[in-house]
Amino acid sequence: MVEEVVSIESNREIGKDTFLMGFRSTSLASLAKPGQFLMIHIDRAAKDPLLRRPFSIHGILDGNRLMILYKTVGKGTSLLSSLREGDPISVIGPLGNGFTLPRPSEKTLLVAGGMGIAPLFFLAQALKKVQKRTIEMFLGFPSAQEVVIIDQIKDFNVDLSLTTEDGSLGIKGLVGDLLDRHLGQELTEKPVIYACGPSAMLKKIAQKAIRCNLRCYVSLEGYMACGLGICQGCAVKRGNGKDKPYYYVCQDGPVFSAEMIDWEVM
Amino acid sequence: MGALPDLSVDIGGLRIKNPVLAASGTFGYGDELTCFYDPSLLGAIIVKGLSLRPMPGNPPPRIVETPCGLLNAIGLANIGIEAFVEEKLPSLGTIRTPVITNIYGHTVEEYAEMAERIEKVDGIAAIEINISCPNVEEGGMAFGTDPDTAAMVTDEVARNTTKPVIVKLTPNVTDITIIARAVESAGAQAISVTNTLLGMAVDVATRRPKLANVIGGLSGPAIKPIALYLVHKVVEAVKIPVIGLGGIMDYQDALEFLIVGARAIQVGTANLINPKTAMEIITGLTDFCVRKNISNINQIIGALETNGEDHEKKGDRKN
């Protein structure tokens, strides 16, 4: 883990309210694994917003350029979107555990809802190097305006299924429902599933995977102050914990195997 | 320029090399932030609040950010005193600065039992009694809002230990000086002012509280003026040293607390944002003293100028 002040190299809107930011850091890039996250201090002089914000690492380009994909949802992300090339941000990371990669010959299925694509793109990027087979990818967005990154994904060896909630692009509906139907078919081979997105979507996928006895990894979000395991804010209920009823997203996750989580309370 | 200024202070018989402490709950069990700097450089470390038995903490969401503030309802999630002594304390032996335990009990007896347990342990320099946590059902703040029970807890702990006893007060009372005087009389050697202020936040779309616990404790820069005022009040009311905390983000904030009379300060929420804050405050205080030709930090402590309105305090100034 390192703390570094970096200069923003690019920060532009690539879809409705959706931004792609890049900065260079050789140390962070050399440590980062798919599924890990960064705590970003957007304005070190400001007391509002006060806390750092957690962001998944979206990918690494040119060896040392880290990419962050985010949607402007509040004060912190809006402020981040206003930053320009050369502006400094303080970054702590990489944090958390990251994804356990599939075996090279294993059938692999990636499911992302909205900004859930952020860490899964990095995973797909890593799989490109090690995975022999075509990866199946299910992506869902609210509408065509918010669809991002799919052109870059097409460069990978993926079989892409796209949904939008309003049907303005791809299949109309929720990506979780599409996956549900997919898993409901006769499966010739059991896939390993990697999912990130809204908690309702993850709940549906995780519960299905548990019922079908499929290996399934989910990347969770949590309200956290520090990201370092200190504040214990980002508690998530364990599926199997009696003495220790909570995991912490920042240090035990953000990636969890589906059966580790108590989905009833999610 | 001559020698570096002397930053050492005395808090209730505990001599510390500088007045900057890491506040309980924001520095883990003492060994988590070692990748950022050597915690030996701090005046002292107050570890995460401990209870007699492990506590799971509250359901999520436990945290919400409000303007300039952090509202939390962690619920004292901790591994319990026994696991701390067995698993964490040995590795803290390498840290060359006092380690202070913050203790919380559901009953007066539990406080006494913990003090007794800690008394037997080397490597713990002092006890900070938490009678001010707003996020637990039993005990916690309830002990800190009534002068008699606050005194009772303090007395029980003090009678079971030879280590300095610091009592951490809640701001959620009408007159904090009544509680401060009660714990001073009961044997406290120092007082920490202040714990978090009760608060809440609501999601207007769902009409639900943003914290699962409904209410939480507010910390961060939003509460600094209140904390400073309370320190000022308590400094006037008691003779024992006061440790100031509440929204300290940089050395200038720290100076404000020292000037109103805090003998030392604690860095809390700021640790969660910039883990190096406490370190930077020590450097900032050192540089400030050098710039202002102050050879000893005690020259600043209680050096508030009030044009005579604050009459009682004037005669007590330390410079």
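Predicted model: local features only at pLDDT ≥ 70, side-chain atom pairs only at ≥ 80, totals over all residues.
In helix H7 of chain B, the buried residues are Tyr251(B), Asp253(B), Ala254(B), Leu255(B), Phe257(B), Leu258(B) and Val260(B). Buried here means under 20% relative accessible area, exposed means over 50%, and partly exposed lies in between, with a 1.4 Å probe and protein chains only. The helix spans residues 251-260, and with 7 of its 10 residues buried it is mostly covered. Helices (H or I, at least four residues) and strands (E, at least two) are DSSP runs, numbered from the N terminus.

Residues are numbered from 1 along each chain as its sequence is written, chains are lettered from A and ligands numbered from 1 in the order in which they are written, and side-chain values use heavy atoms, with hydrogens and water left out.

What do the buried residues of H7(B) pack against? Their partners in chain B are helix H6 (224-237), strand S15 (242-244), strand S16 (264-267) and helix H9 (277-291), where contact means heavy atoms within 4.5 Å. Just after H7(B) comes Gly261(B), with a positive phi of about 120°.

Let me turn to helix H2 of chain A, residues 75-82, whose buried residues are Gly76(A), Thr77(A), Leu80(A) and Ser81(A). Viewed down the axis of H2(A), these residues fall within an arc of 135°, so they line one face of the helix; the arc is that of the directions from the helix axis to the C-beta atoms. They pack against strands S1 (2-15), S2 (18-24), S4 (53-56) and S6 (65-71) of chain A.

The loop between S1 and S2 of chain A holds Asp17(A). Its phi is positive, near 55°, in a residue other than glycine, and Asp17(A) counts as partly exposed at 31% relative accessibility. In chain B, Arg207(B) also is not a glycine and has a positive phi of about 60°; Arg207(B) is exposed, with a relative accessible area of 75%.
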